[in-house]
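Subject: Structure handover

Hello,

Here is the structure I promised to pass on. Please open it first, then read my notes beside it.

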Amino acid sequence: MRVDAGLAKLLGLSRTAVAALTESGDVVLDGHPAGKSDRLVAGSVLEVTLPEPERPVQVQAVPVEGLEVLHEDDDVIVVDKPVGVAVHPSPGWTGPTVVGGLAAAGIRIATSGAAERQGVVHRLDVGTTGVMVVAKSEGAYSSLKHAFKERTVEKLYHALVQGHPDPIKGTIDAPIDRHPKHDYRFAVMANGKPSITHYEVAEAFRAASLLDVHLETGRTHQIRVHFSALRHPCVGDLTYGADPSLAKRLGLTRQWLHARMLGFHHPADGRWVEFTSEYPADLANSLELLRDEGH
């Protein structure tokens, strides 16, 4: 058999995984590095060096300043996430996390999901503030996961974007995928995942517009990517092309994006519940500055 087919069979790995091993010289046949299409012959000595397994990221129970609990019961905990806090640990992130903050506060959350993401049913970016829910019971985890998947959850964001979107009310239906050149960025891509954003201008200023944004889908960076693609990036969002001088004038060091309201059917009894988050100081101050400049 060919090396890729034979090794896949022997080790239970996919052919792609085997191809990667052969390319990196980790498959040796009779003392020589083997190519994936070389043949395995009876009596040959085959040596395979497998990579170190990736170690799961541990949740550090560290108190998180400004992480406010808006509601807690046996099934769910609804929190107001401050800026600069990730939802869960991930490789390369050493800062505070929502999951770690809840652990430090002695709050037990559901054990469903990957170790570092237990209880997490949706996420907010590190630089995005506002309301989010974490599952405490296993039943709530399944129920909420299903609700987000089926889009029965209501997610209202407020976003301050540069310029004035035209029309003032509309829907952006544009697929999103990882950016082909930048690891940490996403972009509108023809073969991306379906992504739908509904928006309406709530208040217009000279240089910017405050929008009500309802997410139908929940892709990573969705609002930021969609408005950047329309040439109306979130104010302060330098990653996605915002004007640094406007951000500086308004005292912003991150994107102006806030998860304002979250509504869902409560996993315990199905009743509709809604939770709202007030603007943090940096976002509120920048709005005041814009209002002072006159509409």
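Start with Gln-162. Gln-162 is buried, with a relative accessible area of 14%. The cut-off for buried is under 20%, so Gln-162 qualifies. Keep in mind that this is a predicted model.

Gln-162 belongs to strand β7, which covers residues 154-162. What does the side chain of Gln-162 have close to a polar atom? The backbone nitrogen of Asp-243 is there, at 2.7 Å. Gln-162 also touches Asp-243 in the contact list, which leaves out residues up to four places away in sequence.

**Salt bridges**

How many salt bridges are there? The count comes to eleven.

Next, find Asp-282 and Arg-254. Their side chains form a salt bridge, with 2.8 Å from N to O. Asp-282 is in helix α7 (residues 281-292), and Arg-254 is in the loop between α6 and β13 (257-265). The pair therefore ties together parts that are 28 residues apart in sequence. Asp-282 is partly exposed, with 22% relative accessibility. Arg-254 is buried, at 6%.

Then take Glu-278 and Arg-260. In this salt bridge the closest N and O atoms are 3.7 Å apart. Glu-278 lies in the loop between β14 (272-276) and α7, while Arg-260 lies in strand β13. So this pair ties together parts that are 18 residues apart in sequence. Glu-278 counts as exposed, at 56% relative accessibility.

**A buried aspartate**

Now go to Asp-73. Where is Asp-73? Asp-73 is in the loop between β4 (68-72) and β5 (76-81). Asp-73 is buried, yet has no salt bridge. Which side chain of opposite charge is nearest to Asp-73? That is Arg-271, which is 4.8 Å away.

Asp-73 does have polar partners. The side chains of Asp-73 and His-266 are joined by a polar contact of 2.6 Å. A polar atom of the Asp-73 side chain also lies 2.9 Å from the backbone nitrogen of Val-76. Leave aside neighbours within four places in sequence, and Asp-73 is in contact with Lys-136 and His-266.

Val-76 comes up again with Ala-140. Ala-140 is in helix α4 (residues 138-149). Ala-140 is buried, at 1% relative accessibility. Its contacts, leaving aside neighbours within four places in sequence, are Asp-75, Val-76, Ala-135 and Pro-267. Ala-140 and Asp-74 are 66 residues apart along the chain, but their C-alpha atoms are separated by 9.2 Å.

**A sheet and a helix**

Last, turn to the start of the chain. Three strands form an open sheet there, in the order β2-β1-β3, with antiparallel pairing. Which strands stand at the edges? They are β2 (32-33) and β3 (46-48). Each has a single partner strand, so one side of each is left without a neighbour in the sheet. Strand β1 (residues 27-29) is joined to β2 by two bridges. Look for Leu-29: its bridge partner in β2 is His-32.

Helix α1 (residues 3-11) lies across β1 and β3. This helix runs at about 70 degrees to β3. The buried residues of α1 are Val-3, Asp-4, Ala-5, Gly-6, Leu-7 and Ala-8. What covers them? The cover includes α2 (15-23), β1 and β3. After α1 comes Gly-12, with a positive phi near 70 degrees.

Best wishes

Technical notes. Residues are numbered from 1 along each chain as its sequence is written. This is a predicted model: local features need pLDDT of at least 70, side-chain atom pairs count only at pLDDT 80 or more; totals for chains, interfaces and linings use all residues. Side-chain values use heavy atoms; hydrogens and water are left out. Helices (H or I, at least four residues) and strands (E, at least two) are DSSP runs, numbered from the N terminus. Buried means under 20% relative accessible area, exposed over 50%, partly exposed in between (1.4 Å probe, protein chains only). Lys and Arg count as positive and Asp and Glu as negative; His and the chain ends are not counted. A salt bridge is a side-chain nitrogen of Lys or Arg within 4 Å of a carboxyl oxygen of Asp or Glu. A polar contact is a pair of N or O atoms within 3.5 Å; within protein, one must be able to donate a hydrogen and the other to accept it, and residues adjacent in sequence count only if both atoms are side-chain atoms. Contact means heavy atoms within 4.5 Å. Two strands pair if DSSP finds at least two bridges between them. Axes are lines fitted to C-alpha atoms, for helices over the stretch in contact, and angles run from 0 to 180 degrees between N-to-C directions.
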